[in-house]
Amino acid sequence: MRHSKHRLAIDIGCALLASSALGLAAPAFAEQDASSADRPVQNETSAEDQPEQLATTVVTALSRKQKLEDVPIAIQVISAKSVDMHAATDLSKMDEFVPGLVIHASQPTQPRYQIRGIGSNNFGIGGAPSVGVYIDGVYSGRTGASLLAFNDVKRIEVLKGPQGTLFGRNTAAGAISVITNRPSHQFEAHGRIRVGRFGERYGNALVNLPVGDDMAYRFSVFDNQSDGWARDAVTGKHYGGNDDWGARMSWLWDPSDSTEFWLTFTHERLDMAGRPAFGVIPLSDDNYQRAPYPADPATYLDPLDAPLLNDADGYEKRRYNNIRLHIDHYMDWGHFTSITSWTQFNTTNLADFDGTNHIVDYLDEGNVESNRSLYHEFRLSGDTRLMNWVVGASWYKEDAHQRSQVDLYTDSIDSLILNLGIPTGTPDGTLYHYFNSVLQAYHLPFTVLGEPWREETLNHQRYTSMALYGDVIWHLTDSLDLTTGVRLSRDIKHFSWYNMPREAASLDQTINTLQQMGLLAAAGVNPAVFRQNLVLTDAVGVPVQVSDSWSDVSPRIVLSDHFTDNVMGYVSVAKGYQAGGYNSVQVNSYFEPEKVWNYEAGIKSSFPEQHLVVNASIYHYKYSNLQSLRLDPNTAGSGVPRYLVSSSDEKADGMDVAMQWHPTRAFTLN
């Protein structure tokens, strides 16, 4: 459910801003020699700022600078001006402006991405998303660290379709590339404050400080706060609010005309209430009334009017740190780039999963993750009359820990037993309610109801990925280009599961006392029935470890022709690849590597006098082992619901059409 917020934006355009810092000068996109083709261009003007240059927006989607309309893939660019105009705080607030992109972000530490209908619903460390998110060329890794707040963003490039050749693994559906601003040699300072409904309070500030002729610093901060749009009908706790702040510090040093160092440190802290769960089954105020099972859809409440009743004290947290170093060296014949990145983040996600405040239906789930990764990439590129080429090598290492937990009460365990038809041999079909009634009948000062119960699985993954790649645009004629590329990948994973024996300390104390008194034996009850795991039942108390490796060759070939200066058509064949993996919550559950071939034809056209761009493409996907998880409510007849790996071969056909008309600086139609 998307709730729009009417914001009053107050721009503080600080008098400190000099006219030279406003970026009014339009860049020249004339022919460049190989030594300057990839140099950073300070204050590049976006298409929104200069309507007459609508088709000349510069992108780096293919690891080299190109005009947007010259890139022979389906790509859409979101400019910094567009982000600001829509008051977007992260990617999930902009997906409705990109056809085919869907971001499910009700839990920002567990977002799910889809491009052209393809995505992954597995957020565990054993799997991987089908859409790769990159920040300044660095893979963001787990989805828990991919949906970061916008902070001094220059543009976002959304690449549709498999991008395995240049971006590598985990881009079977596409890639999202976020580009931030580098420090510049011009003084710049500005800030912004927004206020709105539900206690919305947002602010950001930026200072860019040049030091001498060869150095500059850039500092940016943001703070995003709100009270929340949903309120618990009983406790009064607010949900759906924001509590997120972050900072970025950048240092730029260009000791010579040919060498540049760019060092960046990014920190973000998110701390907010968990995702609200709205129950749609009408219930009374009796906390011991069980929800009917199966439910009757005819009785469902309208979720827009249903009261919020959550008894789990849910919350969501993230601590994120990244240090990134870019080194660029320009030569007469080419451009060398080195990227080194270290990322560390921790996330915690706990949410109510029953949507009631009845203890007999209590269920919450939690996920705690700790992740550290190191990334290196070396890239060499050049441009001649014959070809525009890029070659590179990358290395990625990750160490991740995850704890998944399920919390119940003995009262809700009885509901689980009743709903799934698990035999207990008791007259009323319950376990704890019946045994508790026996204790009360004999006036014994014990109870087995209202006792908390937790099951946990621990996962650890060590992941190493290596790749070599090359991509060449061959200039066959003045208008005809042939692009050939290939990527060689090697992925190695070490993964482990450990299903812990269930935790119920207070219940165990009661059961032990009853056992010592001989009451369990007298009632003919085996104490083991109270101590077995009910949800995470595989290899309880036994660590399980596996190791696997996969290799892949991902090629692409594209033929593109500029029919006129403003119209270009292309046909392409490209492969995407997603490494194999594991289902974190099921021992020995394995994903085969996912592979996809994309056959695509498209046209890109611009009409400068009308300030109009029209792009269209048709495509055909052919998937092998499309990775997915499905919920089986009665796994293998055990009566226990469980997520199972479900891989399949699939085909898909589709069409993209995107139009942008920008007749004036004040009006845009997309």
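Colleague: Which residues does A277 touch, not counting residues up to four places away in sequence?

Modeller: A contact is a pair of residues with heavy atoms within 4.5 Å. With residues up to four places away left out, A277 touches L308, N310, D352 and G355. The model is predicted, so local features need pLDDT of at least 70 and side-chain atom pairs count only at pLDDT 80 or more, while totals for chains, interfaces and linings use all residues. Residues are numbered from 1 along each chain as its sequence is written, and side-chain values use heavy atoms, with hydrogens and water left out.

Colleague: How far apart are A277 and G355 in sequence and in space?

Modeller: The two are 78 residues apart in sequence, and their C-alpha atoms are 4.7 Å apart. The position of A277 is in the loop between β18 and β19; strands are DSSP runs of E with at least two residues, helices are runs of H or I with at least four, and numbering starts from the N terminus. The chain has 6 helices and 34 strands.

Colleague: Is A277 buried or exposed?

Modeller: Buried means under 20% relative accessible area, exposed means over 50%, and partly exposed lies in between (1.4 Å probe, protein chains only). A277 counts as buried because its relative accessibility is 12%. Over the chain, 50% of the 670 residues are in the buried class.

Colleague: Among contacts between residues at least 6 apart in sequence, what share joins residues at least 24 apart?

Modeller: The share is 69%. N459 gives an example of a contact list: leaving aside neighbours within four places in sequence, N459 is in contact with I125, A400, H401, Q402, F495, S496, W497 and S584.

Colleague: Where does N459 lie, and which atom does its side chain reach at 3.1 Å?

Modeller: N459 belongs to strand β23, residues 452-475. Its relative accessibility is 3%, so N459 counts as buried. The side chain of N459 reaches the backbone oxygen of S584 at 3.1 Å. A polar contact is a pair of N or O atoms within 3.5 Å; within protein, one must be able to donate a hydrogen and the other to accept it, and residues adjacent in sequence count only if both atoms are side-chain atoms.

Colleague: How many salt bridges does a search of the whole structure find?

Modeller: Side chains of opposite charge can pair when their charged atoms come close. The cut-off here is a side-chain nitrogen of Lys or Arg within 4 Å of a carboxyl oxygen of Asp or Glu. The search of the whole structure gives 23. One of them joins the side chains of R324 and D136, at 2.7 Å from N to O. This pair links distant parts of the chain: R324 is in strand β19 (residues 315-330), D136 is in the loop between β8 (131-135) and β9 (138-139), and 188 residues separate them.

Colleague: Are R324 and D136 buried or exposed?

Modeller: R324 is buried, because its relative accessibility is 3%. D136 is buried as well, at 8%.

Colleague: Which residue forms a salt bridge with R318?

Modeller: E268 does, at 3.3 Å from N to O. R318 is in strand β19 and E268 in strand β18 (residues 259-273), 50 residues apart, and the pair links distant parts of the chain. At 1% relative accessibility R318 counts as buried, and E268 does so at 4%. Another salt bridge pairs D508 with R502 at 2.6 Å, N to O; R502 is buried, with a relative accessible area of 7%. R116, K160, E600 and D656 are linked in a network of salt bridges.

Colleague: How many residues does the largest nonpolar core have?

Modeller: In soluble globular proteins, nonpolar side chains tend to be buried together. A nonpolar core is a set of buried Ala, Val, Leu, Ile, Met, Phe, Trp, Tyr and Cys residues joined through side-chain atoms within 4.5 Å. The largest has 32 residues, and those with the most contacts inside it are L91, L101, Y113, F150, I156, I176 and Y623. The elements giving two or more residues to this core are β5 (101-104), β6 (112-115), β8, β10 (153-160), β11 (174-180) and β30 (612-626). β30 provides the largest share, 4 residues.

Colleague: Which residues is L91 in contact with, leaving aside its neighbours within four places in sequence?

Modeller: The partners of L91 are I103, Y113, L147, F150, I156 and I176. Apart from this core lies another, of 30 residues, among them L62, I75, A175 and W550.
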